[in-house]
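Biologist: I'd like to learn how to read charged pairs and greasy surface in a model. Could you walk me through it?

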Amino acid sequence: MIKPKEVILGIKVPAQLKDRIFDYCDRNGVKIKYFVAQAIRGKLLEIAEDNYDNAIVDGRLENPAFTAEKNMKRYLQKRKTGK
């Protein structure tokens, strides 16, 4: 079975949010479909990164020698700032 490249995703959002999205897209020449897809993609990436961080913390809690506290803080700060 061939999967379609795009599907319709029917959702309800508050009217004010829809108005803000439409306004932003109109003013910036962005297609609504692109904007929404990027927002979903970004949120899923954020969730995946949080899950990865939680796995690191869980591993550290199981084995305190896993990493030094300063290294863990440095890692989390780097992740937070992107530097």
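Predicted model: local features only at pLDDT ≥ 70, side-chain atom pairs only at ≥ 80, totals over all residues.

Biologist: What counts as a salt bridge?

Modeller: You need a side-chain nitrogen of Lys or Arg within 4 Å of a carboxyl oxygen of Asp or Glu.

Biologist: And how many salt bridges does a search of the whole structure find?

Modeller: Four. One of them pairs R27 with D23, with 3.0 Å between the closest N and O atoms.

Biologist: Where do R27 and D23 lie?

Modeller: Both are in helix α1 (residues 15–28), four residues apart, or about one turn of the helix. Helices here are DSSP runs of H or I with at least four residues, strands are runs of E with at least two, and numbering goes from the N terminus.

Biologist: Which residues pair up in helix α2?

Modeller: E46 and K43 do: their salt bridge is 3.2 Å, N to O. They sit three residues apart in helix α2 (residues 32–62), so about one helical turn separates them.

Biologist: How do I read "buried" or "exposed"?

Modeller: Look at relative accessible area: under 20% is buried, over 50% is exposed, and partly exposed is in between (1.4 Å probe, protein chains only). E46, at 39%, counts as partly exposed, and so does K43 at 44%.

Biologist: What about D19?

Modeller: D19 bridges to K18, with the closest N and O atoms 3.5 Å apart. D19 is partly exposed at 43%, and K18 is partly exposed at 36%.

Biologist: Now the greasy part. What makes a patch?

Modeller: Patch residues have over 30% relative accessible area and no salt bridge; like charges are joined within 9 Å, and nonpolar side chains (Val, Leu, Ile, Met, Phe, Trp, Tyr) within 5 Å. Here a nonpolar surface patch includes L9, F22, V36 and I47, and its members together have about 840 Å² of accessible area (Shrake-Rupley method, 1.4 Å probe, only the protein chains shown counting as cover for residues). The elements giving it two or more residues are α1 and α2.

Biologist: Which element gives the most to the nonpolar patch?

Modeller: That's α2, with five residues. I47 lies in this helix and is partly exposed, at 38% relative accessible area.

Conventions
Residues numbered from 1 in each chain as written. Heavy atoms only, no water.
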